[in-house]
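Subject: Structure handover

Dear colleague,

I am passing on the structure we spoke about, and below it you will find what came out of going through it. Please read the notes with the structure open beside them.

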Amino acid sequence: MNENEKAMLAAAVAYTADDYDVDAHVPAAAALERLRAGNRIYVEALDHERDLSPERIADLFENGQRPFACVIACADSRVVPEHIFMTGLGELFVIRVAGNVVGPVELASAVYACEHLHTRLLLVLGHTHCGAIKAALDGERGSVAAITERISEALGDVRDPYAASVVNARAAVAALEASPELARLAAEDGLEIRAAVYHTHCGVVDFLEGAAG
């Protein structure tokens with residue numbers, strides 16, 4: 001990393017959630033850049049230095065949470081958004097479910113974060129080597145059918161593992177965009193709904209562009 005890149009990175013992460021009072025809304029573009037910067041630090045980091053202090057715990061208890069982004073991620077133990085984006089307590093509203101699928105409960109949780117906590121970035125974070133996607137590709141049903149059937153419907157004929165992670169994340173974005181509440185927030189309050197894919201072998205996040213994320 002050269003000196004210019006270091007300066008840009010320092011500027012991007014020079015603030016924390018404490019810089020915003022309970023009525024402030026972090027714009028989606030600023031939230032996304034903060035996630036990008038955090039992931040760059042994560043990939044190169046030797047340790048985690050975000051605020052997990054007793055003072056921070058007390059502040060969040062007394063003054064409430066002020067997350068700058070909402071992340072819908074897989075329940076996979078390797079995919080931990082707070083670490084991947086190098087955030088501390090109270091900075092991300094995280095919804096985790098196998099396969100990062102969006103059903104009624106996940107949708108309701110996302111609406112809560114965006115409507116009541118005023119987050120302006122809603123990110124669906126898929127990942128490579130996803131067990132839920134593999135189960136869907138293998139045709140598993142039974143007790144996991146609520147997840148695998150939703151993923152299979154999204155994938156269609158896609159069989160490439162990385163492409164499947166991308167398509168599945170975009171399908172979750174499409175489900176979120178179909179919500180009247182979230183559509184209203186997108187139109188009136190600057191909410192952005194995006195998709196990304198985390199590479200489990202190296203820690204890098206691909207932020208997807210284009211339709212549905």
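Two residues are in contact when heavy atoms of theirs lie within 4.5 Å. In the protein chain, counting contacts with a separation of 6 or more, 70% are between residues 24 or more positions apart. Please keep in mind that this is a predicted model.

Starting with the overall picture, the protein chain has nine helices and five strands, and from the N terminus on these elements follow one another as α-α-α-β-α-β-α-β-α-α-α-α-β-β. The chain has 213 residues, of which 44% are buried.

The five strands make up an open sheet with mixed pairing, in the order β2-β1-β3-β4-β5. The edges are taken by β2 (92–96) and β5 (205–207), each of which has a single partner strand, so one side of each is left without a neighbour in the sheet. On average, and with direction ignored, neighbouring strands of the sheet are turned by 25° against each other. Helix α8 packs on this sheet, where it touches β1, β3 (121–127), β4 (192–198) and β5, and the direction of α8 makes about 160° with that of β4.

Going through the pairs, β1 (residues 69–73) runs parallel to β2 over five bridges, and C70 stands opposite F93 in β2. Parallel pairing also links β3 and β4, here over seven bridges, with A196 in β4 as the bridge partner of L125. A196 has a bridge partner in β5 as well, namely F207, and the strands β4 and β5 run antiparallel, joined by three bridges. These two strands, β4 and β5, form a hairpin with six residues between them, and G203 in the turn has a positive phi of about 90°.

On the side of α7 the contact is made by I151, A154 and L155, and on the side of α8 by A164, V167, N168 and A171. Sorted by class, the contact of α7 with α8 has six nonpolar residues, one polar residue and no charged residues.

One loop residue is also worth a look in the viewer. T87 lies in the loop between α4 (81–84) and β2, yet T87 counts as buried, because its relative accessibility is 4%. Leaving aside neighbours within four places in sequence, T87 is in contact with H48, R50, F68, P81, E82 and L92. T87 and D51 are 36 residues apart in sequence, while their C-alpha atoms are 7.8 Å apart in space.

Finally, what about the cysteines, and how many disulfides does the structure hold? The structure holds zero disulfides. For C130, the closest cysteine sulfur is that of C74, and at 4.2 Å it is too far for a bond, the cut-off for a disulfide being within 2.5 Å. C130 is buried, with a relative accessible area of 6%, whereas C202 counts as partly exposed at 37% relative accessibility.

Note on methods:
Residues are numbered from 1 along each chain as its sequence is written. This is a predicted model: local features need pLDDT of at least 70, side-chain atom pairs count only at pLDDT 80 or more; totals for chains, interfaces and linings use all residues. Side-chain values use heavy atoms; hydrogens and water are left out. Buried means under 20% relative accessible area, exposed over 50%, partly exposed in between (1.4 Å probe, protein chains only). Helices (H or I, at least four residues) and strands (E, at least two) are DSSP runs, numbered from the N terminus. Ala, Val, Leu, Ile, Met, Phe, Trp, Tyr, Cys and Pro count as nonpolar, Asp, Glu, Lys and Arg as charged, and the others, Gly among them, as polar. Two strands pair if DSSP finds at least two bridges between them. Axes are lines fitted to C-alpha atoms, for helices over the stretch in contact, and angles run from 0 to 180 degrees between N-to-C directions.
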